[in-house]
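Me: Could you help me learn how to read a protein structure? I would like to go through it feature by feature.

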Amino acid sequence: MLLAVFHFKPVNIPSQITTLIIGIAVTLISLWYGQNHGLMPVAASEEAGQVDGLFNTMMTIATGLFILIQGALIYSLIKFRRRKNDQMDGPSIHGNIPLEIVWTAIPAVIVLILSLYSFEVYNIMGGLDPMASHDHHGSQLAHHHSGDEQDVAPSLIAFAPSQGQVALGLGASPETAGQEAQLTVDVMGLQYAWLFTYPDTGLVSGELHIPVGEEVQLNLTAMDVLHAFWLPQFRIKQDAIPGRESQLRFTPTKLGDYPVICAELCGSYHGSMVTRLYVETPEEYEAWMQEQLLASADKLEETVALNPAQMSDSEFLAPYAQEMGIDSQSLKHLEHEGRRQEAGGRREESL
Ligand SMILES: [Cu+2]
């Protein structure tokens, strides 16, 4: 259709109509590509839609600009190319002030709109709350906190998230900030792994399991250096900082397992600081939790049963000695020798 327009233009179609048709075509292509770029991984959380909406808007605008700018370049290359035997210069053109104002103003407006939109998304996801003080939006804060808590400096708030305070964090919407999430997990980043502690049961795990559809709150911190907890499919990322706690709240919407990635260069093996996040049905989650608790209880029992303090050395070593083909007689002898040497050592020390 565009080709037809170009083809017939010299005949009688006025250029305003050509411009209009090109404009409509560019707009339609941009809108379509902005929704169908396929650049994002699966969206697995309630919050993902907000981020994708912003990204798609930026992609739509960028596609339109790309087509316009590249189109103008290609059009000019062809239209104003040097012809055979043409030794003339083109017309001498100096600046065009209205044009320059327009091409400065349009990007400025686009950037302004996008920044307002991104702040709105950030706010909806609870990102602006940690910075909130009653000087700026007191009425909003009043919903979250009561009384004296409002006077606590934001940096102190970040240290005391367990008291229902808003921590340095992301994910809690203004409506849910200050409320307890349905499930809380403490996350510790260390070189080079993530450790997940479930405070309700005391379970410690190297992978994160959560039930689908329930809001999860992660309390992040780091043992050694800065790490960053990144869930690409959930569109959220948060720094894990030694000595302070940050939060991440989200509601998983899709069953499956997803990568958990450290997104802060934290040392030589930063690249291997990866684990999995399993979103399960509440039944699967409960079964996993029970299984892990049983396994860790077994481990505990083993350690207790092996307590060598109650046995003599030969009793404790007997099963191992048998494996190695040492008879009980020589074991006793070895034990006796050991005691003698120990005693000898002590005597030497005291001399
Ligand atoms: Cu790391």
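Predicted model: local features only at pLDDT ≥ 70, side-chain atom pairs only at ≥ 80, totals over all residues.

Me: Which protein atoms are the donors of the copper ion?

Reply: Donors are N, O and S atoms within 2.8 Å of the metal (3.2 Å for Na, K and Ca); water is not among the atoms, so sites may look incomplete. Here the donors are H227 (ND1), C262 (SG), C266 (SG) and M273 (SD), at 2.0 to 2.5 Å from the copper ion. Along the chain, their spacing reads H-x34-C-x3-C-x6-M. H227 in strand β7 (residues 227–231) and C262 in strand β10 (residues 256–262) link distant parts of the chain, being 35 residues apart. Strands (E, at least two residues) are DSSP runs, numbered from the N terminus.

Me: Why is the arrangement of the 4 donor atoms tetrahedral?

Reply: Four donors count as tetrahedral if all angles lie between 85 and 135 degrees. Around this copper ion the angles are 92 to 123°, so the arrangement is tetrahedral. For comparison, the ideal angle for four tetrahedral donors is 109.5 degrees.

Me: Is H227 buried or exposed?

Reply: Buried means under 20% relative accessible area, exposed over 50%, and partly exposed in between (1.4 Å probe, protein chains only). H227 has 0% relative accessibility, so it counts as buried. C262 is buried too, with a relative accessible area of 4%.

Me: Which strands are joined to β2 by bridges?

Reply: Two strands pair if DSSP finds at least two bridges between them. Strand β2 (residues 183–190) runs parallel to β6 (residues 216–222), with 7 bridges between them; V185 has L218 as its bridge partner there. A hairpin through 2 residues joins β2 to β3. In β2, 6 of the 8 residues are buried.

Me: What does S205 touch?

Reply: Contact means heavy atoms within 4.5 Å. Not counting residues up to four places away in sequence, S205 touches W194, L195, F196 and W288. S205 sits in strand β4 (residues 203–205) and is buried, at 7% relative accessible area.

Terms used:
Residues numbered from 1 in each chain as written. Heavy atoms only, no water. Tetrahedral: all angles 85-135°; square planar, octahedral: opposite > 155°, others 65-115°. Helix = DSSP H or I, 4+ residues; strand = E, 2+ residues; numbered from the N terminus.
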